[in-house]
Structure formats: structure tokens, C-alpha cells
Amino acid sequence: MAASLFMGFGALAVLVFLIVIRIPIAYAMILVGGVGIALINGPMLLLSQLKTLAYGQFAIYDLSVIPLFILMGALASKTGLSQSLFRAANAWLGWMKGGTAMAAIASCAGFGAVCGSSLATASTMGKVALPELKRYNYSGALATGTLAAGGVLGILIPPSVVLIIYAVIVEANIVTMFVAAFIPGILAVLLFLAVIALYVFVSPSSGPAGGAGTREEFLAASIGVLPVLTVFGLVIGGIYLGFYNPTPAAAVGVFLVMMFGLLQRNLAFGDMIEALKETAATSGMIYLILLGAELLKIFMSRIGLPQETAAWIAGSGLEPMTVMLLILLALIALGCLMDSMSMMLLVIPFFWPVLMELNGGMYQGADGAGYGMSTEDLKIWFGILALIVVELGLITPPVGMNVFVISALAKDTPMSQTFKGVAPFFGAELVRVAILVSFPALTLWLPKLLS
């Protein structure tokens with residue numbers, strides 16, 4: 001046991017070092033996993049495995065949904081859907097104090113429903129909403145903090161690429177995970193709106209009320225959001241109602257977004273080519289990370305590190321809920337160092353066996369020990385919690401990728417002000433985690449109802 005733990009944690013230390021010196025995480029995982037397998041079983045066995053490993057990883061049918069959802073998001077960002085969303089949300093909410101910031105949160109949630117990427121949501125909605133927030137003299141902290149926090153909604157509001165990756169890792173049903181994310185996603189939107197209301201109550205000058213538009217402007221803005229509602233209803237609604245599984249749903253979404261863009265003449269041929277290039281680059285990066293994660297998982301499994309760690313924690317006497325909280329804290333800390341996709345692929349294969357062991361093994365019933373739920377329910381509950389705390393890394397220093405994205409757009413606002421503005425939203429996320437940890441039924445109720 002000691003030798004395997006020493007070798008395993010030594011490999012993880014090397015991996016972290018490679019990431020710190022800015023080696024791309026896919027290459028770092030491939031290097032550490034490949035060298036580890038070669039040291040244990042010899043280079044010939046590694047070469048033999050590599051002949052079929054990549055095909056075996058990438059030929060998984062569930063993964064075919066990833067490039068389609070990425071393409072749908074890329075097309076949506078070029079067709080003017082984001083502008084329509086923000087105009088409608090601002091028409092509904094902009095007349096009150098902090099209303100334009102609330103409209104930014106609502107439009108981020110809506111765009112996340114057709115995008116699935118936090119960085120893309122933050123970047124796209126930042127370009128749309130930031131000029132309006134400046135026009136109404138919002139403080140730099142509130143304006144940039146709102147947009148950085150609103151971007152994290154893109155990772156949880158279905159469809160979510162990271163949620164798909166999690167489902168593949170733990171062998172959960174993707175549709176069930178999408179259903180489970182709905183109530184926690186709505187809870188996030190409500191808490192963010194409450195944060196803005198409290199912010200402008202304490203500091204009224206930070207978020208002045210916008211002007212009320214005419215009835216004609218209100219109707220035009222409301223009609224303009226119909227394409228987004230149609231895409232969401234036919235894609236996500238079709239998945240929830242069981243009309244089709246995620247892959248054909250994503251194909252339907254791509255077709256609808258492209259048709260809306262062409263009919264409204266907002267999508268040129270060059271835009272489609274650019275969207276395809278973005279999709280190819282992002283998908284290639286994800287698949288390469290998947291390959292590296294699989295090599296690393298094989299290496300760690302052969303030295304027995306996940307099994308030894310799970311057995312050690314299970315025998316440590318720690319309460320299962322204590323272990324869950326420690327894992328969530330570790331995910332928050334790791335989120336400050338790496339992106340959400342890489343972190344999910346790297347750490348979930350280690351943490352999931354620990355939780356399953358504490359829950360009593362693969363076939364633990366809902367009335368047994370551990371977390372008092374079946375393994376399938378634990379997959380859903382932990383997946384949503386993990387995704388939420390992974391979100392926190394996007395707005396947490398020193399990395400805080402969403403903060404960097406928004407700061408690049410708001411060059412006149414110091415990054416320190418953006419982090420100050422995003423701090424109340426970080427607190428709201430911690431409140432959401434506490435609620436979902438205390439009441440697992442909020443996550444599990446809808447999947448059980450629709451099953």
C-alpha cells in the first residue's frame with residue numbers, strides 16, 4: 001500500500017508541476033499516465049494499448065453530443081440570439097433599481113440554455129450587456145461582477161458539456177443529469193437576483209433604475225425572444241419529455257439555430273465556417289483531455305491508488321457527510337488552479353470510488369448506511385454538487401477565468417473591482433451548496449417525478 005500511495009501521489013505532484021509551468025493539461029495527463037504505464041508494464045504494452053485506446057474512448061455514442069452542443073452554442077453567439085434575450089429581459093426588469101443587472105442574469109441563464117459553456121456565456125453576454133450597464137451608470141464592481149457570475153450559469157443550465165462528461169465518467173444517464181440540474185439552476189438564478197436586489201438596497205447609486213420603454217418596445221422585445229424559447233422548448237423540453245435522447249436533440253438545436261440565423265439574415269456563410277472551426281478546436285481539445293484522463297486513470301488503477309484511498313478513508317472513521325464536505329472544499333480549491341473540464345476529468349475518478357465505498361458499495365440500497373440513498377441517486381446528487389463548486393473556480397482568484405474574460409471587455413474597471421463585485425455572488429453560491437447538501441430532495445425530486 002505504501003509503495004502504491006507513494007508512486008501515485010508522486011505522479012500527481014508531477015502532474016500539478018507540469019500544469020503550473022503551463023504545460024497544457026491534456027499533454028500533462030498523457031505524459032504522466034503514459035510514462036506511469038510504461039514503468040509498470042513496459043513500453044510495448046503501452047504502445048499496444050494506444051492502438052485501440054483512442055478509438056475506444058472517442059467512439060462512445062454519448063460523447064457524440066459534445067461537438068453538436070458546442071456547435072449550437074457557437075452558432076447561437078453569431079445569430080443575434082444573445083441580443084434578443086437581453087432586450088427582452090431588460091424590457092421586463094430594467095425599469096427597477098438594479099433591473100438591468102437582473103436582466104443580465106436572466107439573459108445569461110437563457111443563453112446558457114442554448115450554449116452549455118460558462119466562458120462563452122460570459123463573453124457573449126458581456127459584449128451585449130456591458131454597454132447598457134455603463135449607459136445607465138452602474139458601478140464597475142456591480143456591472144462586471146454580475147456578468148462574471150452570470151457566466152457560471154452556462155455550465156449548469158442544460159445543456160452542459162461538463163455535466164455530460166461527468167455522466168460518462170460515473171456511467172450516469174445524461175438525460176437524468178439534465179433533469180436534476182433544472183431546479184438547482186433555477187435556484188441559482190433566484191439567489192443571484194436576490195443578491196442584486198440587496199446590493200442596490202445597500203448602495204442605491206450602484207444600480208440606478210433604467211427608463212421604462214413604450215408598450216410597442218416591450219412587445220417587440222418579447223416577440224424577439226421567441227426563437228430562444230423555441231430552441232429551448234424543442235431541445236431541452238424534448239429531452240425532458242422523452243421524445244429523443246441528447247444527441248438527436250443537439251442536432252435539432254443546431255438546425256433550429258442555423259435556420260433562425262439564416263431567416264433573420266444574421267448568419268453569413270463566413271460565420272458558419274468560423275463556428276465549425278471553433279467547434280473543431282474545442283471538441284479536439286476535449287477529446288484529447290479525455291484520452292489523457294483515461295491514460296492517467298489506467299495508471300492509477302494499476303497501482304491501486306483510488307482503491308487504496310477509498311479503503312483508507314472508509315476505515316478512517318470519518319462521517320460520510322464530513323467526507324463529502326471535504327471533497328467539495330477540495331474541488332473549490334482545485335477550481336482556483338485549473339479549468340472545470342480538466343478538473344472534472346482529473347478528480348472525479350478518485351473521489352467517486354470513495355463516496356461509493358462510504359455509501360456501502362455498488363448495490364447499497366436507499367435504506368442502508370452511508371448517505372441513505374441508492375448509488376444512482378448518489379451519482380445525481382454528487383454530480384450536481386460537484387458541478388456547482390466547480391463553477392466557483394470560475395469566479396475565484398487567482399484563476400477566475402470568467403473574471404479575466406469580463407475584465408478584458410471592461411478595460412476601464414480594475415480587476416480588483418470585478419472580484420469585489422463578484423464576492424456577493426460567491427456567497428450566494430455557498431448558500432446554494434448548503435441548501436442542496438442539506439436537502440438532497442431538491443436535486444432528486446424532479447428526476448424521480450419524470451422517471
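Tutor: Start with Thr413, a loop residue. Leaving out residues up to four places away in sequence, Thr413 touches Gly140, Thr144 and Thr418. The model is a predicted one. Thr413 lies in the loop between α20 (401-409) and α21 (415-438). Its relative accessibility is 11%, so Thr413 counts as buried, the cut-off being under 20%.

Now the core itself. The largest nonpolar core has 162 residues, and Ile66 and Phe382 are the residues with the most contacts inside it. Helix α11 (residues 174-202) supplies the largest share of this core, 15 residues. For Ile66, once neighbours within four places in sequence are set aside, the contacts are Val161, Ile164, Ile165, Ile286 and Tyr287.

Glu171 sits in the loop between α10 (161-170) and α11. Glu171 is not a glycine, yet its phi is positive, at about 60 degrees. With a relative accessible area of 65%, Glu171 is exposed, the cut-off for that class being over 50%. Arg265 is found in the loop between α14 (246-263) and α15 (269-303). Arg265 also has a positive phi of about 60 degrees although it is not a glycine. The relative accessible area of Arg265 is 78%, so Arg265 is exposed.

How values were computed
Residues are numbered from 1 along each chain as its sequence is written. This is a predicted model: local features need pLDDT of at least 70, side-chain atom pairs count only at pLDDT 80 or more; totals for chains, interfaces and linings use all residues. Side-chain values use heavy atoms; hydrogens and water are left out. A nonpolar core is a set of buried Ala, Val, Leu, Ile, Met, Phe, Trp, Tyr and Cys residues joined through side-chain atoms within 4.5 Å. Buried means under 20% relative accessible area, exposed over 50%, partly exposed in between (1.4 Å probe, protein chains only). Helices (H or I, at least four residues) and strands (E, at least two) are DSSP runs, numbered from the N terminus. Contact means heavy atoms within 4.5 Å.
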